[in-house]
Amino acid sequence: MAEKILKSFTVKYWKQNGPKDKGHFEQKVMKDIPGDTSFLEMLDILNEQLIEEGKEPFVFDHDCREGICGMCSLYINGTPHGKTERGATTCQLYMRRFKEGDTITIEPWRSAGFPVIKDCMVDRTAFDKIIQAGGYTTVRTGAPQDANAILIPKQDADEAMDCASCIGCGACVAACKNGSAMLFVSSKVSQLALLPQGRPEAAKRAKAMVAKMDELGFGNCTNTRACEAVCPKCETIANIARLNREFIKAKLAD
Amino acid sequence: MAIKIDSKIPEGPVAEKWSNYKAHQRLVNPKNKLKLDVIVVGTGLAGASAAASLAEMGFNVLNFCIQDSPRRAHSIAAQGGINAAKNYQNDGDSVYRLFYDTVKGGDYRAREANVYRLAEVSNNIIDQCVAQGVPFAREYGGTLANRSFGGAQVSRTFYAKGQTGQQLLLGAYSALSAQVQAGKVKLYTRYEMEDVVIVNGKARGIIAKNLVTGKLERFSANAVVIATGGYGNAYFLSTNAMGCNCTAAVQCYRKGAYMANPSYVQIHPTCIPVHGDKQSKLTLMSESLRNDGRIWVPKKIEDAKALQAGTKEGWEIPEEDRDYYLERRYPAFGNLVPRDVASRAAKERCDKGYGVNNTGLAVFLDFSESINRLGLDAMKQRYGNLFDMYEEITDVYPGDLANEINGVKYYKPMMIYPAIHYTMGGVWVDYELQTSIPGLFAIGECNFSDHGANRLGASALMQGLADGYFVLPYTIQNYLADQSLWPRVSTDLPEFAETEKAVDAELTRLLNIKGKRSVDSIHKELGHIMWEYVGMGRTAEGLKTGIQKMKELQKEFDTNLFVPGTKEGLNVELDKAIHLRDFFTMGELVAHDALSRNESCGGHFREEYQTEEGEAKRDDANYFYVGCWEYQGADKDPELIKEPLEYEAIKVQTRNYKN
């Protein structure tokens, strides 16, 4: 397999010194990058060059680089995490997907719910606050019943697992014209609504999480499906439909 | 002057020790719990579960993490599963067998009492996680499913697709979130612990850096728990996340906590091979793949040469010309031998010239046989996300049909090679998980306690959650029982001021070197030294060279480092520089420990000490102990203190995975 090498392309990246700064783009020409280099490794190389020039590096969030921690969050050429056929996080995007002479534009998640900390690093603590509002089953550490005492049909368990795959990266919010966090919220609500362990608090959970989401300034869902198109874990808006049902059921019972 | 180490192992037969301990330990009454503060550093499986459990009990918890959210800790990346002795498969499993397998897997270098307790609480963990809504894989009848992992002949691993760590961490995170909501946990995200504060010989707080503002802040408590993970990133390339570091642990070591068995480093056999010098990390392919994947290299050296030259592909080599070397060498366990054994066997083949990629440093992991037997869909059910991930990284899909020879279908195999993955060594703790500094506790990968010289697959998640949910919340009370008699300490004490000043001086020193080299460029070089001299095959000569080279590179770090920016505000490079400073200390310590241990055991392989068949050769007469290292100062070599191991239940013997 002859490896593709990108001889030259331009990276246009967002610099912003804190939430109040207006921010601006800077750019740099990158040379001779092998196609097997990951997008973030390409940015490592860019940063090495900046440091060599005595400049401060371009700041972005990243950690596991295996597509699971949800830390990386770059808006690449107008798409959260960049374009791939099936969902992938920024760290799982490889340079072989780009062409010679490309200009790659990198921006932060842009949403009222996620203020910029620096450059492309944003503050996503709002997601933690939504989970804190009710994204759990109330159970103390101790001695619950034997795990096999709760029988869960395989289909339900598998479906709950798919919902639980959400990594909380926030791409859904970044992609949504309303800055809605519905896909994120509905994934957690769905996981727990599908499992018997989650049923006792289902109504309370749906109401509390939606209320918190509204309070934190996230917008509403208007079914454009932009979120599901960019979700690196392929969460679907069927979750949002389920959240709506759970929410309406809860409200009607009030 | 021999310091006596007290591991505080309770009296009684091994199976009764934990019950005895719990029956007689001191407790804290509910009113007094409200007066006690506990700092928990880290929000991985161990940290989050401990913080949540302590808060539920009534303690006030301050919980710190370096990421933007507790849910991002690197436990999240664990793929394969979590062990428990449920015996749901009726295949002869029991608490004793899990205990035995773990001790044997650890090459008889773990503490018996700790491991027994671990096996004992393993079942509670599964119950707890299911109650939280962790969506484990299930059978059609609705019961929980299991799979097999290395080092065991039973199926005791519970899993959630290839994302078990994620699901367990989200479970712990949800329990933690409930306690944040209840006001019992105060969460500090994007904070890094820079040092521990000792007041009157006891750990009474920490100095943490707010990574966004750059400010140093003081926090006081009645006890400090570190759950800050391992030191694998000392090798630069590892399966650890980019942010994983050992700064908190090393600072505790500098303050007097012993570091135990640092040479026990796990090299995981199934990682995607290194592809170039710009690579930032290595990606693990779960050990669970060894359930259905067969590991091989060509039998003929000319086939290997052709693979290396790129003139042949793996699927062009027929069955009879393949050397399934693990099945050949270890018929009883086959592809499911423990990680250290599998890694060394891969290295042995590659060293002999049988490597299968352009660097000669890779072996095949092949699913053809399982796909032919069970179908591609069954494989996708089990490993779908791993296959996708492999394709995303390498552009090769392991399920693609590539060839048919004599009616046998061959699918594209994965290529794998060993990489640094986990550190069994860590901060020394006694049975109560307390370090040699009173009031300072270490849990999860951060401590050394349960895995001996090698950790079995699916046991890291088990240990992290055991420590956090079921062990520490008990044992810490034995310490805290009389602490409520003392008032909270003020962060205005001179001990806090001095510690903060020292941290600040270090930040200034690193910024003022103003040399020419970036943190990463030096870190990469350190990684090369570690992998070359302190890696999979160690020799006395090589270790000495390694230590020498590290000392030289450390000089380069101290005189020629360049950190841009200032102390104020976010400064990623400055934080990385602090981490690197501590990787140097840890790296040297790994080498010292490896040099002092003149035997091979588990993850520590000294080439001078092997059997004729190339297996690790232990020396129980001289090295049946935990090697505890005490810090002596920046310019001095550390001192070794030995904690002798005592086995009563298990007969120590040579590990055998052959028959």
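## Positive phi at B:D107

B:D107 lies in the loop between α4 (95-105) and α5 (112-132) of chain B; helices (H or I, at least four residues) and strands (E, at least two) are DSSP runs, numbered from the N terminus. The phi of B:D107, a residue other than glycine, is positive, near 55°. B:D107 is buried, with 27 other C-beta atoms within 10 Å. A residue counts as buried if 20 or more other C-beta atoms lie within 10 Å of its own, exposed if 12 or fewer, and partly exposed in between, with C-beta atoms placed from the backbone.

## Basis of the model

This is a predicted model, in which local features need pLDDT of at least 70 and side-chain atom pairs count only at pLDDT 80 or more, while totals for chains, interfaces and linings use all residues. Residues are numbered from 1 along each chain as its sequence is written, and chains are lettered from A and ligands numbered from 1 in the order in which they are written.

## Positive phi at A:D32

In chain A, strand β2 (residues 24-34) contains A:D32. A:D32, also not a glycine, has a positive phi near 55°. A:D32 is exposed, with 9 other C-beta atoms within 10 Å.

## The kinked helix α12(B)

Helix α12 (residues 376-394) of chain B has a kink of about 90° centred on B:Y383; the bend at a residue is the angle between axes fitted to the seven residues ending there and the seven starting there. Among the buried residues of α12(B) are B:R382, B:Y383, B:L386 and B:F387. After α12(B) comes B:D395, with a positive phi near 75°.
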